[in-house]
Amino acid sequence: MAATTRQREQWSSQTGFILAAIGSAVGLGNIWRFPGVAYENGGGAFLIPYLFALLTAGIPILFLDYAIGHRFRGTAPLAFRRLHKNTEVVGWFQIILSFVISVYYAAVIAWALSYFVFSFDLRWAPDSLNFFVGDYLQVGDPEISTQIVSGVAIPLVVVWVAILVTLALGVAKGVEKANMIFLPLLVVAFIGLVIRAVTLPGAADGLNALFTPDWSELFNPAVWIAAYAQIFFSLSIAFGIMITYSSYQRRKANMTSSGLVVGFANSSFEILAGIGVFATLGFLAWDQSTTVGELEGLSGPILSFVTFPAVIAEMPGGSFFGLVFFASLVMAGFTSIISILQGVSGAVQDKFGFGVRQSAVGVSLVCAVISIALFSTTSGLIALDTVDQWANNIGIVLSAIVMTVLLVWVLRRGEELRFHLNAVSTFKIGRWWILLIGVLAPLLLGYMLLQRIITLLT
Ligand code: PFF
């Protein structure tokens, strides 16, 4: 039976949809990416371009994703095909981007799972950098060792099995349930971590380092670009994921109000993560009698897998803090990766008419094999870094430009989508929305894309 004639899966409630959308948005990007990006781009002053990007592009493009998914009731490729017979390829482009990210994202969740276990005996002490790069990832060693199998491959299998089972249970019983369980747990765990962090000695210095504004940075275009990039990745927009999620919404659903809740919840979590991370780094600086500015490894995997473990080894009750921190990373990452793969698996269902279980098993197995093969060798890690740079930096911005220009200028469906959103929502959007997604966003994003291509090529 063709999937398009089968009853479409549905969230069991509006709350379920909102939780799943927040679960997708709140992920590794919030915990390890935001604090470092904010710190490097003007500290407190970064909040201005960040909020500007949230209001002028983040939430408006989130509305656009919602409108496309809800109006055309399909995952990205099907929704775009229904929009116009020649635009299905835009949806598949988004699905490919999602696939690339999932392969990398799963590996980081697997590392976090290993580090959760290592927290019991603080296995990374005393040299967390050597432990991560040498003992754990065995970078530079082309052989697949027993350590790589037990430390990386097995947790990766565990992660992929969990993804497969969740997706195979379907949208309401799998994805929605997982978010209902993990999101509240994550919030409680994270608030606990932040309270602990801000009561450590030196915390105030860490917060000063993060929030002291460097106003001159507001004149630096790179800072604005960084703000837009952070908002896109963090809100999971222009990956086709939010199109997919909103296609499972009932016909009568308050779309724009949900979008506002999701947008602000995600940013609140992000700022909370910034506070937690920098308060903890303030403690590290205090412990080493130095300043936060002198510390290294303040973002990305190194922050989570080298710098944080170093602090955890030094603090009172470190093991417990480590357990809660790595459990938080796993939960935040898991609710994001299932959204990415639901996008891929849903697209396969829509296109080929496979059932939920068949396509969940098929997609998870293919992605799992690639992810395990790549991450069990160092060369894979290096290749993936390049691919990820292109997918995240170029691909996503390109996707957003194509989507907005196509809808507003080429197909001229902006007004129709605005009416659609307003017909079902309590928060009504005016014509300003078309101006934001049709003019301001493509112009700024076009500029950003050029800059990024130039930096990557030079
Ligand atoms: N928003 C997630 C994060 O901040 O970590 C990452 C992500 C999820 C990106 C889903 C893209 C996506 F489609």
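Before starting on the helices, I noted how they are assigned: helices (H or I, at least four residues) and strands (E, at least two) are DSSP runs, numbered from the N terminus. I also noted that the expected span of a helix is 1.5 Å times one less than its number of residues. I am working with a predicted model, in which local features need pLDDT of at least 70, side-chain atom pairs count only at pLDDT 80 or more, and totals for chains, interfaces and linings use all residues. Residues are numbered from 1 along each chain as its sequence is written.

**Entry: helix α3**

I began with α3, residues 47-72. I found 26 residues in α3 and a reach of 35 Å from first C-alpha to last, close to the expected 38 Å. There is a bend of about 40° at leucine 54, taken as the angle between axes fitted to the seven residues ending there and the seven starting there. For burial I used this rule: a residue is buried if 20 or more other C-beta atoms lie within 10 Å of its own, exposed if 12 or fewer, and partly exposed in between, with C-beta atoms placed from the backbone. In α3, 20 of the 26 residues are buried, so the helix is largely enclosed by the rest of the structure. After α3 comes arginine 73, with a positive phi near 45°.

I moved on to threonine 75, in the loop between α3 and α4 (76-83). Threonine 75 counts as buried because 30 C-beta neighbours lie inside 10 Å. Which residues does threonine 75 contact, leaving aside neighbours within four places in sequence? I listed Gly240, Ile243, Thr244, Ser247, Gly343, Gly346, Ala347 and Asp350, a contact being two C-beta atoms, placed from the backbone, within 7 Å.

Not counting residues up to four places away in sequence, I saw proline 77 touch Glu88, Gly91, Trp92, Ile95, Ala347, Asp350 and Lys351.

**Entry: the loops on either side of α6**

Next I checked the loop between α5 and α6, where proline 126 sits. The bond joining alanine 125 and proline 126 is a cis peptide, with omega about 5°. Leucine 122 is in the loop between α5 and α6 as well, and has a positive phi near 45° without being a glycine. I counted leucine 122 as partly exposed, with 16 other C-beta atoms within 10 Å.

In the loop between α6 and α7 I found glutamine 138. Its phi is positive too, about 50°, although glutamine 138 is not a glycine. Glutamine 138 is partly exposed, with 19 C-beta neighbours inside 10 Å.

**Entry: helix α7**

α7 runs over residues 146-168; its 23 residues reach 31 Å, close to the expected 33 Å. Where does α7 bend? I placed the bend, about 30°, at alanine 153, with proline 155 following within four residues. Buried residues of α7 include Trp160, Ile163 and Leu164. I traced the packing of the buried residues of α7 to α5 (88-118), α6 (128-136), α8 (171-198), α14 (318-352) and α15 (356-375). Glycine 170 follows α7, and its phi is positive, near 100°.

**Entry: the ligand shell**

How many residues surround the ligand? I got 16, the closest being Gly27, Gly29, Ser236, Phe239 and Ile241, where near means a C-beta atom, placed from the backbone, within 6 Å of the molecule. α1 (14-25), α2 (28-40), α5, α10 (221-235) and α14 each supply at least two residues of this shell. By class I noted 7 nonpolar, 9 polar and no charged residues. The classes are Ala, Val, Leu, Ile, Met, Phe, Trp, Tyr, Cys and Pro as nonpolar, Asp, Glu, Lys and Arg as charged, and the others, Gly among them, as polar.

**Entry: helix α17**

I finished with α17 (residues 414-424), whose buried residues are Gly414, Leu417, Arg418 and Leu421. Seen down the axis of α17, these fall within an arc of 105°, so they line one face of the helix; the arc is that of the directions from the helix axis to the C-beta atoms. On the other side of α17, I found Glu415, Glu416, Phe419 and Ala423 exposed.
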